[in-house]
Amino acid sequence: DIIEIISIIASAFTSFVAIGISVASLRQSNRVLKESLRPYITIYLDTITVCEQSSYFVLKNFGHTSAVITDFLLKNTSQPCSLLLEQFDSVKGIVLAPGQMKLLPYNVSTLPVRMLTFSICYRSGSEEYSESITMDVKNFIHLPAERPESFCAEKDKRMVQSLRELIERTM
């Protein structure tokens with residue numbers, strides 16, 4: 001009788017431990033799945049060089065679900081950037097699908113500050129997310145995009161430069 005009772009207790013204990021491990025495993029899997037499927041919106045600088053160099057802030061969703069931008073702020077600047085704030089007034093409220101980007105043209109070389117910090121808040125379903133991105137805009141614009149001389153007709157130079165830009169972006 002005692003052996004049977006000990007077996008039942010050991011069996012019940014083992015069952016409870018297995019259930020506990022299973023529940024913990026399911027919770028961890030749920031967190032990992034939720035994290036891998038979330039949206040991830042960020043902003044970065046890029047330039048396009050077709051004869052002349054144009055700079056852009058690129059707002060992009062690198063995640064796997066769409067999101068609505070609920071707040072978009074520029075903060076921690078030593079000088080006011082009212083022109084920059086006007087440029088981004090329409091960002092709040094837009095929806096970015098997975099992989100979708102929005103190019104925001106801006107002549108970065110005219111900014112009166114070196115460091116910019118963007119705060120982006122966004123929502124997907126009932127989940128709220130926020131990112132804070134700090135970038136040194138002056139360092140970025142000093143990285144040259146060299147284009148060697150093309151030996152082609154003057155009227156074709158713009159097309160050649162455009163093709164070079166496309167080839168570089170696909171590398």
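How many helices and strands are there in the chain? There are four helices and seven strands. The model is predicted. Along the sequence, the elements follow the pattern α-β-β-β-α-β-β-β-β-α-α. The chain has 171 residues, and 28% of them count as buried.

**Strand β6 and its partners**

- Strand β6 covers residues 115-124. Seven of its ten residues are buried, and the strand is mostly covered.
- On one side of the pairing list stands strand β3, residues 67-75. β3 and β6 run antiparallel and are joined by seven bridges.
- Within that pairing, Phe-72 has Ile-120 of β6 as its bridge partner.
- β6 also pairs with strand β7, residues 127-136. This pairing is antiparallel too and extends over ten bridges.
- Thr-117 finds its bridge partner in β7, at Thr-134.
- β6 and β7 form a hairpin with two residues between the strands. In this hairpin, Gly-125 takes a positive phi near 65 degrees.

- Ala-67 stands opposite Leu-96, a residue of β4.
- Leu-96 also lies 8.7 Å from Thr-65, taken between C-alpha atoms. The two residues are 31 apart along the chain.
- Thr-65 belongs to the loop between β2 and β3.
- Is Thr-65 buried or partly exposed? Its relative accessibility is 27%, so Thr-65 counts as partly exposed. The cut-off for buried is under 20%.

**Nonpolar core**

- In soluble globular proteins, nonpolar side chains tend to be buried together.
- The largest nonpolar core here has 25 residues. Phe-57 and Leu-59 touch the most other members.

**Aromatic contacts**

- The structure holds five aromatic pairs.
- One of them joins Phe-72 and Phe-118, with ring centres 5.8 Å apart. Why does this pair count as tilted? The ring planes meet at 35 degrees, so the pair is tilted. Stacked would need planes under 30 degrees apart, and edge-to-face over 60.
- The pair links distant parts of the chain. Phe-72 sits in β3 and Phe-118 in β6, 46 residues apart.
- Both Phe-72 and Phe-118 are buried.
- Phe-72 and Phe-118 share one aromatic cluster with Phe-57 and Tyr-106.

**Nonpolar surface patch**

- Which residues form a nonpolar patch on the surface? They are Met-159, Leu-163, Leu-166 and Ile-167. Their accessible area together is about 420 Å².
- Leu-163 is part of helix α4, residues 157-170.
- The relative accessible area of Leu-163 is 45%, so this residue is partly exposed. Exposed would require over 50%.

Note on methods. Residues numbered from 1 in each chain as written. Predicted model: local features only at pLDDT ≥ 70, side-chain atom pairs only at ≥ 80, totals over all residues. Heavy atoms only, no water. Buried < 20%, exposed > 50% of the residue type's maximum accessible area, 1.4 Å probe, protein only. Pairing = 2+ DSSP bridges. Patch = residues over 30% accessible without salt bridge, like charges linked within 9 Å, V, L, I, M, F, W, Y side chains within 5 Å. Areas by Shrake-Rupley, 256 points an atom, 1.4 Å probe, with all protein chains shown as cover. Salt bridge = Lys/Arg side-chain N within 4 Å of Asp/Glu carboxyl O. Core = buried A, V, L, I, M, F, W, Y, C linked by side-chain atoms within 4.5 Å. Phe/Tyr/Trp six-rings, centres within 6.5 Å; stacked < 30°, edge-to-face > 60°.
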